[in-house]
Amino acid sequence: EIMPSLVGSEMCIRDRVTGMLVALVGSHWMMATIDRIYAGQGWRLWALWVGSMCVWALGMGLWAVAARGCLRSGPMLRQAGPPLVLAVVETWNPAILPIHVGLPCTQYPTLIQVAELGGVAAVSAVAMGLNCLLLRLLQCLRGGAMPVGLLCALAGILGASSLRLDWVEHAQDGSDRVRIGMVQPEVGVIRRADAELSAATRTRWIRRATERLAANGAEAVIWPEGAWPLLMDRDRASDFPSAHPWRVLPPSGTCAVLVGALTDGSDGRRFNSAVPFQKNGQIGTPYHKRALFRIGETGLLDRMLALTGVTRDELLVDLPLVEPGDGDRVIQLGTLRVAPVICNEEIRPLSTGWHGAGPPDILAGLSSVSWFGGAESSRQQAAHAAFRAVESRRAFVRASSDYGSGWIDGSGHHRDRLAVDSSRGGRGQVLLADVPVLTIRSAHRLFAPVFPWLCLCLLLAGRLLAVEERQGIVR
């Protein structure tokens with residue numbers, strides 16, 4: 001059915017193939033993830049893989065059908081329809097691990113500034129618009145019409161993004177700086193081999209690294225997710241004594257430490273938390289992870305497995321159940337107001353969730369990516385983190401278990417990042433950075449909720465104009 005109208009639908013066909021390739025590349029990550037979590041249950045592994053592929057295929061199929069309809073409509077939708085449809089589909093994507101067209105665009109600083117208005121979906125729409133523009137320009141060589149409207153729209157968007165980028169970078173150059181240390185222990189908390197290490201061995205190096213960072217002037221140090229190897233008592237109000245093997249703060253007492261830990265309290269509730277240890281030895285109000293990884297951190301998996309008669313203990317590798325947290329996202333860490341972002345929360349917009357506490361000074365990412373099986377997921381998660389920095393216009397400091405620790409400035413630039421160094425034989429790494437404390441107000445909180453609806457309204461308006469144009473021709 002498509003082949004007779006190949007010229008009018010070639011963009012749609014190309015993007016069907018592109019979407020398929022994106023899904024296959026993304027499935028490599030998901031396959032590695034599931035393979036780490038599920039121990040040799042072959043048919044269940046393939047069933048989950050096929051199910052995830054079906055979700056991706058459904059999303060890309062819906063976009064392809066809608067895009068094809070735009071190509072057969074009036075001139076407005078032929079030029080701007082596919083990007084607008086892509087923006088709507090990506091914003092409302094129901095996939096657990098979203099794959100966005102705009103993710104590879106982090107290497108183009110001017111382009112990703114539009115994320116302040118609509119998140120990564122807005123960047124995807126602009127990237128798709130640029131591809132549509134290139135295609136239309138090639139068609140002009142064969143006698144097609146010049147896409148003046150699309151050309152002007154993209155020129156205006158990129159021009160405004162360039163001005164915003166220059167303004168943000170100028171603000172960063174004149175802002176105050178805070179010295180922050182990041183610890184990358186190169187030891188995961190989920191892998192079977194790492195589980196053989198004693199709790200004291202797993203934290204000894206991290207505590208020594210914290211002491212070195214404090215000695216070099218760090219005002220705050222970030223530990224990765226789950227760096228504390230045991231359950232931490234939420235009812236505890238202060239750090240351990242100075243001679244205790246579990247003490248977190250360095251003896252000098254010159255820096256605060258943000259610790260990733262599973263916390264448990266007298267109420268029996270368990271959270272995946274970021275716990276602030278203040279310079280004076282007191283433990284501040286922790287942040288509890290809100291957006292849980294639904295397969296591993298909630299009871300959803302147990303309910304699914306109950307249908308097959310398989311228990312969690314047969315499949316999972318040391319991955320306890322936790323509850324979603326609540327309350328303010330912004331916590332106090334020394335003199336800084338910090339918004340912790342734990343693991344997969346990096347793939348979700350954040351600046352709409354300050355809950356009246358006001359914006360933070362910085363974002364602090366705590367991740368444990370060792371169980372994903374390689375660096376592919378870490379790179380993708382780091383790309384998401386760049387969008388979170390642009391959306392909030394705050395520096396994003398990231399501490400990961402074994403890949404990707406570093407920091408991103410408020411314009412989305414990856415300023416410094418640690419990678420896995422095989423020559424170190426599994427020994428950890430540290431990073432010390434002078435991070436800008438920005439006070440820029442972001443427009444993301446105002447525009448992001450209405451962005452997909454605005455795109456949908458433009459699509460409907462274009463459709464109505466196309467219908468009226470056809471009726472006028474018939475008359």
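Trainee: Why is Asp239 called buried?

Mentor: In this predicted model, Asp239 has a relative accessible area of 7%, and since buried means under 20%, Asp239 counts as buried.

Trainee: What makes the pair Arg247 and Asp239 a salt bridge?

Mentor: The side chains of Arg247 and Asp239 come to 3.7 Å, N to O, and the cut-off for an Arg nitrogen and an Asp carboxyl oxygen is within 4 Å, so the pair qualifies as one of the ten salt bridges that the structure holds.

Trainee: How do you know that Glu116 and Arg393 form a salt bridge, and where in the chain do the two residues lie?

Mentor: Their side chains meet at 2.7 Å, N to O, which is again within 4 Å. Glu116 belongs to helix α5 (residues 115–140), whereas Arg393 sits in the loop between α11 (376–392) and β10 (396–400), so that the pair, 277 residues apart, links distant parts of the chain. Glu116, at 5% relative accessibility, counts as buried, and so does Arg393, at 0%.

Trainee: Why are Glu391 and Arg388 said to be separated by about one helical turn?

Mentor: They are described in that way because they stand three residues apart in helix α11. Elsewhere, salt bridges that share partners join Glu116, Arg164 and Arg393 into one network.

Trainee: What makes the meeting of the side chains of His288 and Ser273 a polar contact?

Mentor: The two side chains are joined at 2.7 Å, and a pair of N or O atoms must lie within 3.5 Å, so the value meets the distance cut-off. The side chain of Ser273 also makes a polar contact with the side chain of Thr263, at 2.7 Å. Ser273 lies in strand β5 (residues 270–277), and His288 in strand β6 (residues 287–288).

Trainee: Are Ser273 and His288 buried or exposed?

Mentor: Ser273 has 1% relative accessibility and counts as buried, and His288, at 11%, counts as buried as well, because both values are under 20%.

Trainee: Which element has the lowest mean pLDDT, and why should its coordinates be read with care?

Mentor: Helix α7 (residues 192–195) has the lowest mean, 45, while strand β2 (residues 220–222) has the highest, 95. Over residues 189–196 the pLDDT is below 50. Where pLDDT is low, the predicted coordinates should not be read in detail.

Methods: Residues are numbered from 1 along each chain as its sequence is written. This is a predicted model: local features need pLDDT of at least 70, side-chain atom pairs count only at pLDDT 80 or more; totals for chains, interfaces and linings use all residues. Side-chain values use heavy atoms; hydrogens and water are left out. pLDDT is the predictor's confidence in each residue, from 0 to 100. Helices (H or I, at least four residues) and strands (E, at least two) are DSSP runs, numbered from the N terminus. Contact means heavy atoms within 4.5 Å. Buried means under 20% relative accessible area, exposed over 50%, partly exposed in between (1.4 Å probe, protein chains only). A polar contact is a pair of N or O atoms within 3.5 Å; within protein, one must be able to donate a hydrogen and the other to accept it, and residues adjacent in sequence count only if both atoms are side-chain atoms.
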